[in-house]
Amino acid sequence: MIRRQGLRAVIAACCASAVFATPALAGSEAPGAPGAGDSYFPGYGNGGYDVSHYDLQLRYQPADDHLQGTATVVATATQDLTAFNLDFALTAKSVRVNGMPAQFSQNGLELTVTPPATLPKGELATFVVEYEGTPSTVEVNGFNPWVRTSDGALAIGQPEISSWWFPGNDHPRDKATYDVAVSVPDGTEAVSNGVNTRRSTLAGWTTWNWRNTEPTATYLAFMTIGQYEFVGKTGAFGQPFITAYSDKLGPLAGPAKASIERTPEVVDFLSQLFGEYPFSAQGGVVPAEGLNFALENQTRPTYSHKFFQSAANVSVVVHENAHQWFGDSVSVDTWRDIWLNEGFASYSEWLWSEAQGTGTTQELFDHYYNSHPADDPFWQVLPGDPGAENVFHDAVYDRGAMALHALRNVVGDEAMMDITRTWAAEHRHSTGTIEQFIDLAEQKSGKRLDDVFNAWLFTKGKPAVSPATGVAASAARGNVPAPPAVAEIDRAHELLHDHG
């Protein structure tokens, strides 16, 4: 997740410089578009091809932050393709397309490739890029999400990070599977998504092989390198449960483990609400430095040590694992749809609190509703269309959670569970839009829901107390004692909201 100052720079640069290629007509030859068509971040992603798999062979030296790589991208052309772009910030040394040398150029995050022959629509293609660089020194539009630490690095960020460690199609619409092999000096750990299939040593280097077999958005592909206590055991449903705790956590190791080790319990709880867990591995990573947020990296959520400075914090574990359904399996179709990620993850914390007896969902709704007076700027940000500069605003999380509770108050518990489980199942390993979710909610509930969605997602100002908006009269009471869960949730959200 990106610091806000850097995110603003990227937004400004993308919006100012992005040029969209005209989509090719069926059967015509043309370059692929240099963007995926996202109105918030027009430079993200590319057109003209669809990636199915990334094979990444990496060698990283922590001493000087030097990264070498060979990326094999398996893709299918979606048009007759004369040229295409890959999103990439490091220096490409060579590019081959279908085994043949290809011409290429780089400008900012765009690696533009001209294959030796047109790639026919619908046919399999491979792009092999050899590259190297020092990721921590590479800035694009004044921005760099790569985190260098005293013992290694973290490749982690939202809405972008992949361009600083592999070339790809960097938009959630184009998901793919991954094989990641990372060679690091002996005694160093390298952790990525999925399962660790092999570990081998040769000439002072250890290679960690990771396989991620479910479709994954590029920003959810993850890597950390450093000195970690690495443990693999069995989690919920008999799946691999992989954790890595920095050797430098010191007194924070205890509360971190008291939180992350409950992941299988949390995943089991959430599966009872949302349906089958959508992936084949679970886990968690806690570095000791360089990170000020948590991120829902697919199968391997990663948490700043700061979440555990005063006590264990299971709320943040619930939040990031709820994202495995909402954000990872069902991803945003465009970044405008971010409420579908953060609203559900935040509301899941309320559901966990209710199950643990530390505050009901209605009590938590009342607390957050009453915490913001009508003239608070909080109510001026629209969760359903927050704008590129506000994709990680508090309102997307907290008003987003309130929106789901208001919907539940209107449609009832049975319909709400039907809506949620159907959404997770029908859009599994794909993407979804807010409009699609609204259509499903109306279909499953048999009700017109314009009032509740307009009030909570698309209208500035504090929603009034009324049955139509799903706000119970109890929410209007002031000075109601906060339920016990609020302290832990607020501690989690102080950092969760700082995505950018």
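In helix α3, Glu-265, Val-266, Phe-269, Leu-270, Leu-273 and Phe-274 meet Ser-348, Leu-351, Trp-352, Ala-355 and Gln-356 of helix α5, contact being defined as heavy atoms within 4.5 Å. The residues of this contact comprise eight nonpolar, two polar and one charged; Ala, Val, Leu, Ile, Met, Phe, Trp, Tyr, Cys and Pro count as nonpolar, Asp, Glu, Lys and Arg as charged, and the others, Gly among them, as polar. The structure is a predicted model, in which local features need pLDDT of at least 70 and side-chain atom pairs count only at pLDDT 80 or more, whereas totals for chains, interfaces and linings use all residues. Residues are numbered from 1 along each chain as its sequence is written, and side-chain values use heavy atoms, with hydrogens and water left out.

The axes of α3 (residues 263–274) and α5 (residues 339–356) come within 11 Å and cross at roughly 105 degrees. Helix α3 is therefore roughly perpendicular to α5. Axes are lines fitted to C-alpha atoms, for helices over the stretch in contact, with angles running from 0 to 180 degrees between N-to-C directions; angles under 35 degrees count as roughly parallel, over 145 as roughly antiparallel, 65 to 115 as roughly perpendicular and the rest as oblique.

The protein chain contains eleven helices and 23 strands, taken as DSSP runs (H or I of at least four residues for helices, E of at least two for strands) and numbered from the N terminus. Of its 500 residues, 61% are buried; buried means under 20% relative accessible area, exposed over 50%, and partly exposed in between (1.4 Å probe, protein chains only). Among contacts between residues at least 6 apart in sequence, 71% join residues at least 24 apart.

The largest nonpolar core has 70 residues, and those with the most contacts inside it are Tyr-303, Trp-339, Met-402, Phe-437, Phe-453 and Trp-456. Helix α7 (residues 394–411) gives the most to this core, with nine residues. A second, separate core of 62 residues includes Val-51, Ala-77, Val-147 and Val-285. Such a core is a set of buried Ala, Val, Leu, Ile, Met, Phe, Trp, Tyr and Cys residues joined through side-chain atoms within 4.5 Å.

Helix α4 (residues 314–322) is largely enclosed by the rest of the structure, because nine of its nine residues are buried. Within α4, His-319 has a relative accessibility of 0% and counts as buried. The side chains of His-319 and Glu-349 are joined by a polar contact of 2.9 Å. A polar contact is a pair of N or O atoms within 3.5 Å; within protein, one must be able to donate a hydrogen and the other to accept it, and residues adjacent in sequence count only if both atoms are side-chain atoms.

Several loops carry backbone features of note. Between β2 (49–61) and β3 (66–77) lies Asp-65, a residue other than glycine with a positive phi near 65 degrees; Asp-65 is buried, at a relative accessible area of 0%. Asn-98, in the loop between β5 (91–97) and β6 (100–101), also has a positive phi, near 55 degrees, but counts as partly exposed at 42% relative accessibility. A cis peptide bond, with omega about 10 degrees, joins Gln-158 and Pro-159, and Pro-159 is located in the loop between β11 (152–155) and β12 (176–185).
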